[in-house]
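Subject: Structure handover

Hello,

I am passing this structure on to you. Please open it first, then read the notes below.

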Amino acid sequence: MKNPHGFSFARLWAIVVKEFIQMRRDRVTFAMMIGIPLIQLILFSYAINSDPRHLSAAIVVADHGPQGRAILSALRNSTYFQFVRQVPTEAEAQAALARGEVQFMISIPEHFTRDLLRGDRPTLLVEADATDPGATGGPLGALPSILNAALQNDAKGPLDYLASTDSPIDLRIHAKYNPEAITHYTIVPGLLGVVLTMTMVMITALAITRERESGTMENLLSMPTRPLEVMIGKILPYILVGYIQMGLILAASHFLFHVPMVGSLWLLMGVTLVFIAASLAVGVTFSTLAQNQRQAMQMTLFFFLPSILLSGFMFPFRGMPNWAQALGEILPLTHFLRLVRGILLKGNGIDDVLRQLWQIALFGVVVLTIAVFRYRRTLD
Amino acid sequence: MADEFAIDVKGMTKRFGKHTAVDHVDLQVRKGEVCGFLGPNGSGKTTFIRMLCGLLRADEGSGQCLGHDVIKDSDTIKRQVGYMTQKFSFWEDLTIEENLDFVARMYSIKNRRDTVRQSLDRLGLSARKDQLAGELSGGWKQRLALAACLIHEPQLLLLDEPTAGVDPIARRDFWKEIHELAGQGLTFLIATHYMDEAERCHRLAFIANGKLLTYGSVAEVVEQSHLTTWAVDGPDLLQLAEKLQALPGVEQAVPFGSILHISGPDQAALEQAIAPFRTAQYHWNQVPSGLEDVFIHLMEKPRETSSQ
């Protein structure tokens, strides 16, 4: 006799079957289960590189002697550096560094070869943008051995004294903006962007989907109101929330982590406004696509994952392959991270800021256009 | 002429893909009238009401609602119409007062505070004004919804099954309120499934499968159906009902407590069918057809035609 109150495999099976049916019906969850592992697999295995190579550098070459050329080709052959531009003065190279256009600047001064041959230890200046210590640590550490190896080839015959001296070159490395390579300086300002992305996108996506799910949207639509009133009315309170979050993070980074704040806070507030608006636009768009609050949450996660992995927050941006960098350039967080680090650590001014800011604004406008087209004033 | 009607529309049609939810419905409702809107689930009542208040765009149709073009002027109509949704659609995390205040702001009402206070008083909600809407029982939620629909002093109220899930006492109070408001000149279009509520309406419109089947006062609707009904009392009524149901001329055999109602559209055929059963043990007498008999008769008809 079977005990009717005992464990029943028939009932267990009934529940398993029901779960599978529901799983199959819920397309978005299904897409998540397949999509999230795929995205992570691709991003972590192909895009992310913790020992970045081919980092962009600007060179200033004031001496064209053979030893200078040897050093440059040794740097290039090390695969750490990629010379993306050659500029006439150090000042110009430093400006490119400040704008974040290059990661390094390498300057071979006048009379470099002559001084080297005389044994006068000429200066070789290498400046690095250390706002992201993860990207600069490797190449800077490898520099002395690359230089020594470069000179070894020539240090034969009459020039063998180059090999005997301790170091024939006065190598000066300036890790600018974060000379001690303190990771807090990079992570904490970056966190501002990450926190804002997560909360702003999610809150708005939920706020509008909730109205639809609970039936209050029908009520709202039956009242004399315009779509723009609803959207802006939904967004404004969260801009305030975004600023409160910004205040908290900045206060923490100043008082707890002692992150330097070189640039203008007003400028940072202005930049943050554009970023918050773009993130909210993403949220509004998700809310017009999602059927319910759970889908809105899932879409937020879909957006958040690449944002955090491809923006340069967790891993050096320039260490990623070109396709991943191109994807990253689309995301607002990528530009916002550069802006926050640029303003706080480098003291970037408005001219430097505008070069990145328009890309966030463009992203926001494109996304909001989709939202306005998708938003229905009727229940059709 | 046009001023006589609050709703005067022709050929209203709405399609969702291949499915025609509302199929060329004409409807006229006089000002100050309470019009009951009847029909089975999924017959197109909600869709029709949503078209009237601009929540859905009509695919075809013309006419006026409160003197405004029903297709072009939906923004103007929205300001003068109160719409009560089938499902409670106010904000459950706001209090009663906050909900009313929000609605008053949406309609840009002058003397907002006074209006909200009066509205609370009139519907007896003052004592509960600080209660969250989500915590209210069905009857109180419905009161709040009605108060909110009335706050901008609309001339026409569209109520979509307003009393679903509301107890009989609250329902009676609700209908008393509606007749008072109708007396003041408000027009009502009320979708309902309850026959007792339908009988309280000045006029009835019956819709099934998106088509308007009948329209008129309760007496007119019953008369138009040409339905004859007999009531029978006696032993084994369920068995009797089964036997009668199978006979030609008998459309329905429905138990009402200890009595069975037998009805059919053809009086002669019906009487012929019941003749063999008019024995001493049964007590037969002809009764006027009720609205429910007519309702079921109308619901069966489209099913028969569609199955052919």
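Here is what was found in it.

Please keep in mind that this is a predicted model.

Start with the nonpolar cores. The largest one has 80 residues. Six residues have the most contacts inside this core: A57(A), F104(A), M105(A), A205(A), F275(A) and V340(A). As background, nonpolar side chains in soluble globular proteins tend to be buried together.

Which residues does M105(A) touch, leaving aside its neighbours within four places in sequence? The contacts are A57(A), A58(A), A93(A), Q94(A), L97(A) and E127(A). Of these, A57(A) is also listed with M105(A) among the residues with the most contacts in the largest core.

Now chain B. This chain has 308 residues, and 39% of them are buried. Its secondary structure comes to 11 helices and 14 strands. Along the principal axes, the C-alpha atoms of chain B fill a box of roughly 70 × 45 × 35 Å. Take the contacts in chain B between residues at least 6 apart in sequence: 70% of them join residues at least 24 apart.

Last, the contact between the chains. Chain A puts in 12 residues and chain B puts in 16 residues. On the chain A side, 4 residues are nonpolar, 6 are polar and 2 are charged.

Best regards

How values were computed
Residues are numbered from 1 along each chain as its sequence is written. Chains are lettered from A and ligands numbered from 1 in the order in which they are written. Two residues are in contact if their C-beta atoms, placed from the backbone, lie within 7 Å. Ala, Val, Leu, Ile, Met, Phe, Trp, Tyr, Cys and Pro count as nonpolar, Asp, Glu, Lys and Arg as charged, and the others, Gly among them, as polar. A nonpolar core is a set of buried Ala, Val, Leu, Ile, Met, Phe, Trp, Tyr and Cys residues joined through C-beta atoms within 7 Å. A residue is buried if 20 or more other C-beta atoms lie within 10 Å of its own, exposed if 12 or fewer, and partly exposed in between; C-beta atoms are placed from the backbone. Helices (H or I, at least four residues) and strands (E, at least two) are DSSP runs, numbered from the N terminus.
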